[in-house]
Amino acid sequence: MLVLGGVGAVLLAPSGASEPMWLWFAYLVVTTLALGALIAVQGYITLLPLGYSGDSHSWLITTMAVSVIIGAAMLIMLGPYSATVSSPLRGVMLFNMYIPASYFFAIVLLILWYIALRWFLSSTLPGLAINALSQDFDAARAAGLKVRRLQVLAFGISGLIVGSVGFAAAPVITIAPEAGLKYVIYGFIASVIGGIGNNTGALVGGPIVGLISAFATFKLGGEFESLVLVLVLVAMLLIRPKGIFGATSARRV
Amino acid sequence: MRANHVFLRLALLAAGAATAFVATPSGVDAQQPKPPIKIGLLMTLSGPGAAANLPTLMGVDMALQEFNAHGGIGGRQIELVKGDDEANPTTGVDEAKRLVYQERIEALVGPVASAVTVAILPTLNEAKIANFTQSGSALLTPENGPYQFAVIGSAAYSGAQLAEYAAQVGAKRVALISDDSAASLSGTQEIKARLKAHGITLTGVQQYKFHPTDVTPQLLSLRATNPEYLILYSASQDDVGTVQKDIAEIGWNIKEIGSLAAGLAPDLVMQKAGPDAYKNLLAQVVRTITYCPKENDPGPANMIAFVQHAIPYEKAHRNGGPPITDFYSMANGYDLLSAIKQAIEANGGKTDGPTIAKWVIEHPEDLKLLSIKQTKATSQSHFMFDPSNFVLVENPAQRNENYMYKRAGC
């Protein structure tokens, strides 16, 4: 889906620098909403065969499956090419290096989405209901919450986040049919390290994975990048299976 | 009503079959058209490296259309059966087995990805299938693949040239960056050996995976070793573009020597890295797609004619993708099928691997190809290029009207 956000940039604003800034933002909003709607539909289709079972692992498999399907669709529609997009703003020189503006866009979006989600999940009724659902599916259902609607809403919100970041970071991510699966795997490692189901964990897990990967490449060589990341994942699962911010909690029965 | 329709169809079919039976006199086999010849094509059609395979694929398709319009192979129309190896050896073996045992192909063109080519050798050897490939790994020896020939040179030859150039210009400190493909592994092994033999210090070695998003950590690590030259050994033009983009972003002003992928499709490299991609990058190409005004050499006439023929073909078959201007790889793809055609026709229609391999080795002068002036395959090496086929060009972005590159020093 991140790659699909990038495809949005390829289709709407491939030469970002030549677009007026307001138009680029308009395209960002369009792509964000489109991805939100698409993932909500995907979520609905994914959840349909599960009925109202509380199985929380199927999303992992379906996320991988959807990633493969999107890759195949991109291959058919766009060919095997790796697409390129230019940024609407020039980057800056930092430590004698040129840093593309897209990295800053991604960081700003990360913080904005984190704050927005925190507010939504703690201060609004649908947000609190989603929170309740994530803590105890059966109890939430027994309490009369519209489980399916809330689940689809959660899928839609994830679409908004990933669509906006994919669009904004398009100049620095790989937009190719086979790229999606790589981001799914790295995203999974980041979630496990941060703590699955914890937004603060996701906020911290992503940069940790990025830094470990860059440091391992710099010090040991590019061939050790994946090995080091998988070792960190295994170590985390052995020492703290719930991740850095994941809390082990007893379920009240 | 529906039952009547079914009956009518059955009656018509029966009548048709009876007419055909009556109309066919016995003993007229000689008048029958010859059965088609199934040729397999195994390449990366999806996944990393698929875009880089498109020119080769287009060359094979061009040859297919042309040969079939002129009688196919020995009077048999060619039926090309495609398989997608996804640049994955496991998938490649599955696809090779499908092509050999299910589709019953009589010869195979491709793969390009060396890891796949090496992996499918046992399947091809067992079925004695002749195979013409574009892979360059040094593991492709006559012992490992007795019926397999590479219509290019070994990656080791290519690597040797890059290292020899570094020695020639008096480099004392060289860094090396490459992808993790099997061909690049062969190329970089040779580079390391040659640099060592010349007493050149290899300051750092870095690797990246196919289609990387960012190679900045690798480049920063190499920059810290303070080399005079950077050798870039890559199997994908996209990746060359990523490396060049990141070199510019970290503000590294380093002289570079690039392998074949850096030279053959400059448009793809510049699409990613911008017009300055070749500011410091000297790249490798193949001699048959070059010219030299100093030596009064306009380039091979047959290659120029091919390029002029291929330009409109490429435009008509682009399928909405970016323009393909890698006419060398297109000619090389054409040669893959052409080599099979020439070998089978020269042997009276025999398609078995041992017969084809014997002929290719014993009659190099009879095998006329576009991308190679004279094939050099022997019983010791099944690579059709020798090292002299690789040449360096100063600015691959500047090609003449025939898409020929000016050789360095010309």
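Helix H8 (residues 179–194) and helix H9 (residues 199–220) of chain A pack at an angle of about 120°, their axes 7 Å apart. That angle makes H8(A) oblique to H9(A), oblique being what is left after under 35 degrees (roughly parallel), over 145 (roughly antiparallel) and 65 to 115 (roughly perpendicular). This is a predicted model, in which local features need pLDDT of at least 70 and side-chain atom pairs count only at pLDDT 80 or more. Residues are numbered from 1 along each chain as its sequence is written.

**Helix packing in chain A**
- The H8(A)–H9(A) crossing is right-handed.
- Ile189(A), Ala190(A), Ile193(A) and Gly194(A) of H8(A) meet residues of H9(A), including Gly201(A) and Val209(A), where contact means heavy atoms within 4.5 Å.
- By class, this contact of H8(A) with H9(A) has 5 nonpolar, 4 polar and no charged residues, with Gly counted as polar.

**Salt bridges in chain B**
- Over all chains there are 15 salt bridges (a side-chain nitrogen of Lys or Arg within 4 Å of a carboxyl oxygen of Asp or Glu).
- Glu103(B) pairs with Lys38(B), with the closest N and O atoms 3.1 Å apart.
- Glu103(B) lies in the loop between H3 and S3 of chain B and Lys38(B) in strand S1, so the pair ties together parts 65 residues apart in sequence.
- Asp267(B) and Arg399(B) form a salt bridge at 3.3 Å, N to O.
- Asp267(B) is partly exposed at 32% relative accessible area, whereas Arg399(B) is buried at 18% (buried is under 20%, exposed over 50%, partly exposed in between, with a 1.4 Å probe and protein chains only).

Definitions and conventions. Chains are lettered from A and ligands numbered from 1 in the order in which they are written. Side-chain values use heavy atoms; hydrogens and water are left out. Axes are lines fitted to C-alpha atoms, for helices over the stretch in contact, and angles run from 0 to 180 degrees between N-to-C directions. Helices (H or I, at least four residues) and strands (E, at least two) are DSSP runs, numbered from the N terminus. A crossing is left-handed if the near helix is turned anticlockwise from the far one by less than a right angle, and right-handed if clockwise.
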